[in-house]
Amino acid sequence: MNAHATDTSVTASIVVEAPIERAFKVFTEDFGTFKPPEHNMLGVEIAETVFEPRVGGYLYDRGVDGSECRWARILDYQPPDRVLLSWDISPQWQLEADPEKTSEWEVRFVAETPERTRVEIEHRKLERHGEGWQGVRDGVGGGDGWPLYLRRYADVLADEG
């Protein structure tokens with residue numbers, strides 16, 4: 001796995017032993033299986049994480065009490081090659097309602113062979129979060145950010161293998 005931060009973006013990638021269609025399907029349909037449960041802005045335990053597979057859909061957590069936290073919007077959806085989402089979380093790790101103050105993260109799936117896929121995440125436009133945006137960069141680029149998600153994602157694929 002590779003991870004790299006520039007001033008206003010973070011990139012991370014991993015190569016998984018899975019065909020591109022399966023890699024995309026697991027990333028989108030099973031996002032909740034590798035999202036760390038402690039990454040939770042609800043006041044209760046997360047019952048499920050839902051990824052709505054369409055432009056205009058949301059990526060959100062649903063609590064055991066039925067409450068919801070919609071923390072990303074699906075901006076572009078091109079299976080099995082690419083998905084683009086907003087990051088509607090402020091530097092204070094709270095929901096951000098103003099779309100002008102949100103960053104975006106793109107996930108690209110590149111077939112290296114028929115059975116191997118490179119998955120690349122680019123989290124960009126972090127400066128749009130305003131004051132404190134560097135904390136978002138450091139969070140998503142650090143050990144508990146995209147590198148952790150990609151490791152856990154690769155483990156899910158390997159376990160299903």
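Glutamate 48 sits in strand β3, where helices (H or I, at least four residues) and strands (E, at least two) are DSSP runs, numbered from the N terminus. The model is a predicted one: local features need pLDDT of at least 70, side-chain atom pairs count only at pLDDT 80 or more, and totals for chains, interfaces and linings use all residues. Residues are numbered from 1 along each chain as its sequence is written, and side-chain values use heavy atoms, with hydrogens and water left out.

With a relative accessibility of 36%, glutamate 48 falls in the partly exposed class; on this scale buried means under 20% relative accessible area, exposed means over 50%, and partly exposed is what lies in between (1.4 Å probe, protein chains only). Leaving aside residues up to four places away in sequence, glutamate 48 touches Tyr60, Asp61 and Arg62, a contact being heavy atoms within 4.5 Å. Threonine 33 is 15 residues from glutamate 48 in sequence, and the C-alpha to C-alpha distance between the two is 8.8 Å.

Now for the strands around this residue. β3 (residues 46-51) runs antiparallel to β4 (residues 58-63), and five bridges join them; two strands pair if DSSP finds at least two bridges between them. Threonine 49 has aspartate 61 of β4 as its bridge partner, while phenylalanine 51 is bridged to leucine 59, also in β4. The β3 and β4 hairpin has six residues between the strands, and glycine 56 in this hairpin takes a positive phi near 95°.

β4 also pairs with β5 (residues 68-78), again in the antiparallel sense and over five bridges. Here arginine 62 stands opposite glutamate 68 of β5. Four residues lie between the strands in the β4 and β5 hairpin, where glycine 66 has a positive phi near 90°.

Proline 79 is joined to proline 80 by a cis peptide bond, with omega near 0°, and proline 80 belongs to the loop between β5 and β6 (82-87). Tryptophan 93 is not a glycine, yet its phi is positive, near 60°. This tryptophan 93 is in the loop between β6 and β7 (103-113) and, at a relative accessible area of 36%, is partly exposed. Lysine 125 likewise is no glycine but has a positive phi of about 60°. The loop that holds lysine 125 runs between β8 (116-124) and α3 (133-141), and lysine 125 is partly exposed, at 35% relative accessibility.

Turning to the helices, α1 (residues 20-29) packs against α4 (residues 146-160) at an angle of about 120°, and their axes are 11 Å apart. Axes are lines fitted to C-alpha atoms, for helices over the stretch in contact, and angles run from 0 to 180 degrees between N-to-C directions. α1 is therefore oblique to α4: under 35 degrees counts as roughly parallel, over 145 as roughly antiparallel, 65 to 115 as roughly perpendicular and the rest as oblique. On the α1 side the contact is made by Arg22, Ala23, Phe24, Val26 and Phe27, and on the α4 side by Tyr153, Val156, Leu157 and Glu160. Sorted by type, the contact residues are seven nonpolar, two charged and no polar, with Ala, Val, Leu, Ile, Met, Phe, Trp, Tyr, Cys and Pro counted as nonpolar, Asp, Glu, Lys and Arg as charged, and the others, Gly among them, as polar.
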